[in-house]
Amino acid sequence: MLNPLSQVSLERLRQRTSVKWREFPDDVLPLWVAEMDVDLCEPVKKALTDALELGDTGYPAGTAYPEALAAFAKRRWDWDLPVERTALVSDVMLGAVELIKLVSGPGAPVIVSPPVYPPFFLFVRSTGRAVVEAPLRGGRLDLDVIEWTFRHVKADRPVYLLCNPQNPTGAVHTAEELTALARLAGKYGVRVIADEIHAPVVSGNARFVPYLSIDPQGMSLMSASKGWNLAAMRAAVAISGTDELAKLPEEVSHGPSHFGTIAHAAALRDGGEWLDALLQGLDENRKLLKNLLTEHLPEIGYEPSEATFLAWLDCRAVSNDPAAFFLERGRVALMSGDGFGSGGAGHVRFNIGTSPEIITEAVRRMAASR
């Protein structure tokens, strides 16, 4: 199968009306928000087209989505996902908020390990809860810091919000790391909720380990959104090792889109060949970006990641505000590291879910902007 990242021209991309292509003027290359520059894989397109032809535009029903996810999990990760302990939610972060409210005490803080996806801060604080940081070390979980934080957070049932695979570093947490985390969570009475939205987007050189395969007291949120570029079709699956999801408020189930559940189920069920081609293309893009930066911007720190379609660049040798610097001087839009918490300053997140030509032009502009 052809590389999905090489099939859409820049001219056609600029006709899109999503936020990635409308936030900045046309002279800017947008490599900031987590949208990929791909066309829909054919099974997803067919499932949606069939639904439209049927006028199947009502409310979602049934378990087709979690069943497709369970079959995908068995094939890819050899994990038996408990379909009977799932619930549909509108998206991963809104689902995370509902799970936090479900399993933690009123006002209990939420612990995160930055640098991490900015909505971990925004969504948690919108509920009136404090965010407590247990920063990564070298891009990976710092279990000593996590234990110290767990020990000193005094609250009724605090939560640790895990990003697995990690956004923005792309780290895939190992079974050993997750086992140690689960042990600490049990020891200190902390519930772990795992955002695993990037689980399908893992290099063949790494092994994704579902958190619930390690910790039966944990909770997870999964989605086909990132793996198949389905942000417009909102739907995600909450999964629990316990029966607690039955206690979610009824209105939570009203959020997912019927088209979302159709599209996500089709992707997981029939989109494996497309995903494999995407993963190969992403591996090639990681190598390309590394080579381009080594040649043209050696002062920028970057190590190709194990997962996601996002690259985390250390630009402290270039500017104190590199996102603004490269936007103003190079007309390249990258996501500022400032919103990712501790460890984010002086960094940018670069979206490699695009064509090699666009990556090459972006680095050329960045190098010329110095």
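Me: Where is the place of P115?

Reply: In this predicted model, P115 sits in the loop between β3 (110-112) and α6. The peptide bond that joins P114 and P115 is cis, with omega about 0 degrees.

Me: Which bond joins N164 and P165, and what is its omega?

Reply: N164 and P165 are likewise joined by a cis peptide bond, with omega about -5 degrees. P165 belongs to the loop between β5 (159-163) and α8 (175-188).

Me: Which residues of α5 and α6 meet, and how do they divide by class?

Reply: From α5, M93, L94, V97 and I100 meet P119, F120, F123 and V124 of α6. The residues of this contact comprise eight nonpolar, no polar and no charged.

Me: Which residues make the contact of α11 with α13?

Reply: On α11 they are N285, L288, L289, L292, L293 and H296, and on α13 they are P356, I359, T360, V363 and A367. By class, this contact has eight nonpolar, three polar and no charged residues.

Me: Why is E284 called partly exposed?

Reply: E284, a residue of helix α11, has a relative accessible area of 42%. Buried requires under 20% and exposed over 50%; the value of 42% lies in between, so E284 is partly exposed. The C-alpha atom of E284 is separated by 8.5 Å from that of P356, although these residues are 72 apart along the chain.

Me: What makes the pair of W312 and F340 tilted?

Reply: The structure holds eight aromatic pairs. The ring centres of W312 and F340 are 5.1 Å apart, which meets the pairing limit of 6.5 Å. Their planes stand at 55 degrees, whereas stacked requires under 30 degrees and edge-to-face over 60; the pair is therefore tilted. W312 lies in strand β9 (residues 310-314) and F340 in the loop between β11 (335-336) and β12 (347-351), 28 residues apart, and the pair links distant parts of the chain. Both W312 and F340 are buried.

Me: Which residues form one aromatic cluster?

Reply: F72, W77, F208 and W228 form it.

Me: Why are R157 and R331 called partly exposed?

Reply: The relative accessible area is 37% for R157 and 27% for R331. Both values fall between the limits of 20% and 50%, so each residue is partly exposed. R157, in the loop between α7 (143-152) and β5, has a positive phi of about 55 degrees although it is not a glycine. R331, in the loop between α12 (322-330) and β10 (332-333), has a positive phi of about 60 degrees and is not a glycine either.

How values were computed. Residues are numbered from 1 along each chain as its sequence is written. This is a predicted model: local features need pLDDT of at least 70, side-chain atom pairs count only at pLDDT 80 or more; totals for chains, interfaces and linings use all residues. Side-chain values use heavy atoms; hydrogens and water are left out. Contact means heavy atoms within 4.5 Å. Helices (H or I, at least four residues) and strands (E, at least two) are DSSP runs, numbered from the N terminus. Ala, Val, Leu, Ile, Met, Phe, Trp, Tyr, Cys and Pro count as nonpolar, Asp, Glu, Lys and Arg as charged, and the others, Gly among them, as polar. Rings of Phe, Tyr and Trp (its six-membered ring) pair if their centres lie within 6.5 Å; planes under 30 degrees apart count as stacked, over 60 as edge-to-face and the rest as tilted. Buried means under 20% relative accessible area, exposed over 50%, partly exposed in between (1.4 Å probe, protein chains only).
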